[in-house]
Amino acid sequence: RVQALLLGSLRHLGRIDAAINALVVRPPRPVVRAALRVAGFEMLTPTEDPGQAAKVCHHLVAQVRRLASAKEAAFANAVGRKLARCLQAPLAEPVEGAPLKDWALYYSHPEWFIARAWEHWGQATARRWLEWNQTAASVVVRWRDASAAPGHLDWLTPVADTPGFFIVAKGHGPELRELIAGGRVHVQDAATRHALDLLAPVSGETLLDLCAAPGGKTLAMGDRLQAGKIVAVDLPGRREPRLHENLAQLPAGVEGIAVAADLRHGLGRALAARNLPDVYPGVLVDVPCSNTGVMRHRVDVKWRLDLGSFRQHARQQLDLLMAAADRVAPGGRLVYSTCSVDREENKPIVKAFIRRQRGAFALEDSRLSLPWETGQDGAAAFLLRRLPSP
C-alpha cells in the first residue's frame with residue numbers, strides 16, 4: 001500500500017501539483033507538500049465511498065499535525081477540502097491540436113516531454129504511449145526452468161506469445177515470495193528476452209556481460225546457457241550485492257564471476273588480474289539509458305529527465321559500445337541493449353558505432369519493443385557481428 005501511494009503520487013504528480021499550486025499563495029514546506037500530494041492521489045483514485053474525500057482530508061490533517069505543526073495542519077485542512085473538489089472534477093481528454101499545456105495536465109507529463117513524443121511519433125501514437133505510462137505496472141515473472149511448466153497456478157497468467165513469462169495476479173505476495181526464494185521465478189519483464197534472444201547463448205561458452213548489475217539479464221543468460229561461464233562486469237557500488245545474489249542463483253553448471261571495473265578504463269587489466277579471457281565469443285552490453293521504455297515502473301523518469309539527458313546518455317552509450325567492441329573475439333557477436341524507446345539512444349548509436357569501426361562490425365539483426373504495441377516494457381536490442389579481418 002505504501003508503494004502504491006508513492007508510485008501513484010509520482011505518476012499523477014503533474015495534475016496534483018497544478019491543483020495544489022492553484023490553491024496556495026506561498027509554497028508549503030516540503031513535508032506538507034508531500035502529504036498533500038499523497039492525499040491528492042487518494043482523492044483521484046475512484047471509489048464507491050461517497051465519504052472517501054472527507055476521510056482522506058481528515059487523515060491528511062492528522063498526519064500534517066504529527067509531521068509538521070498544528071498551524072500547518074490547519075493550512076492542510078483548508079487546502080485539502082478545496083483540493084478534493086478540484087481533483088474530483090473530471091478533465092476533458094485533449095483532442096489533437098489542443099494546447100500542449102492541456103496534454104501535460106491531463107497526462108501528467110512535462111510539456112517538453114510530450115512535444116518530443118509528438119516530434120518522434122506523432123500525436124496519435126504519443127497519446128497511446130502517455131496512456132500506457134499512466135497505468136500501474138503489473139508484476140511479471142520469468143519461469144526459470146524452461147523444461148518444466150509451472151503447473152496449475154491460477155494466479156499466474158501467461159504473457160501472450162511469450163513463453164516462460166507470466167503476469168502475477170494481485171494479492172499473491174506470499175506465494176510469489178516463496179517461488180522467488182525457491183529459485184523458481186525471477187521478476188523480469190518479458191521485453192528483456194530480446195537481448196538474450198539475439199545473443200543466443202550456446203551451452204559451454206564463456207560469455208561477457210557488461211554493465212551487468214543488478215544481474216537480471218545475467219541470470220537469464222545463465223538459465224539459457226546451463227553449462228559454461230559468465231563474466232559479469234560493472235562499476236563498484238551499491239548494486240554490487242544484488243549482482244552477487246543473482247550470480248549465486250546461476251544453474252549448477254554455470255560459473256559466474258563478478259568483476260568490479262570500469263568498462264572504458266582498465267577492464268583489460270582487471271580481467272588479466274583474474275586470469276580471465278581478454279575477448280569472448282558473445283558479449284552483451286546493456287547500457288545505462290533514459291529508461292523511457294520502462295516508465296510504468298520508473299515513474300520518476302519523466303520528472304528527472306530533461307532534453308540534455310538524452311544527449312548525455314547518447315554520448316556515454318556510444319563510448320560504452322566502442323569499449324565493448326574490444327572484448328569481442330573474431331567472428332564473435334556483440335549485443336547492444338537499452339530499455340529506451342527514444343530514437344536518439346538506439347539506431348543512431350549503432351549507425352555511429354559501425355561508421356567508427358570502419359568495417360569491423362556489421363548489424364545482423366535487431367528488436368524493438370514499443371509498449372503501446374507489445375503491451376510489454378519498451379526495449380531495443382541490436383546484434384552486431386565482428387567481421388573477419390580483410
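Predicted model: local features only at pLDDT ≥ 70, side-chain atom pairs only at ≥ 80, totals over all residues.
Reader: What makes lysine 351 exposed, and where is lysine 351 found?

Author: Lysine 351 is found in helix α16, which covers residues 347-357. Its relative accessible area is 54%, and since exposed means over 50%, lysine 351 is called exposed because its value passes that cut-off.

Reader: Which residues gather with Lys351 in a patch of positive charge on the surface?

Author: The patch brings together Arg343, Lys347, Lys351, Arg355 and Arg356.

Reader: Why is isoleucine 180 called partly exposed?

Author: Isoleucine 180, which lies in helix α9 (residues 173-181), has a relative accessible area of 33%. Buried means under 20% and exposed over 50%, with partly exposed in between, so the 33% of isoleucine 180 puts this residue in the middle class. Together with Val139 and Val187, Ile180 makes a nonpolar surface patch of about 210 Å².

Reader: How do you know that the buried residues of α1 line one face of the helix?

Author: In helix α1 (residues 2-11) the buried residues are Leu5, Gly8, Ser9 and Arg11. Viewed down the axis of α1, they fall within an arc of 160°, and therefore they line one face of the helix. The face turned away from this buried side carries the exposed residues Val2, Gln3 and Leu6.

Reader: What makes the backbone of alanine 200 and of glutamine 226 worth a remark?

Author: Alanine 200, in the loop between α10 (193-199) and β5, has a phi near 50°, a positive value in a residue other than glycine. Glutamine 226, in the loop between α11 and β6 (228-234), has a positive phi of about 70° although it is not a glycine. With relative accessibilities of 38% for alanine 200 and 44% for glutamine 226, each counts as partly exposed.

Reader: What is the peptide bond from alanine 213 to proline 214 called, cis or trans?

Author: That bond is cis, with omega near 5°, and proline 214 has its place in the loop between β5 (206-210) and α11 (216-225).

Key:
Residues numbered from 1 in each chain as written. Heavy atoms only, no water. Patch = residues over 30% accessible without salt bridge, like charges linked within 9 Å, V, L, I, M, F, W, Y side chains within 5 Å. Areas by Shrake-Rupley, 256 points an atom, 1.4 Å probe, with all protein chains shown as cover. Salt bridge = Lys/Arg side-chain N within 4 Å of Asp/Glu carboxyl O. Lys, Arg positive; Asp, Glu negative; His and termini not counted. Charge placed at Lys NZ, Arg CZ, Asp CG, Glu CD. Helix = DSSP H or I, 4+ residues; strand = E, 2+ residues; numbered from the N terminus. Buried < 20%, exposed > 50% of the residue type's maximum accessible area, 1.4 Å probe, protein only. Arc of directions from axis to C-beta.
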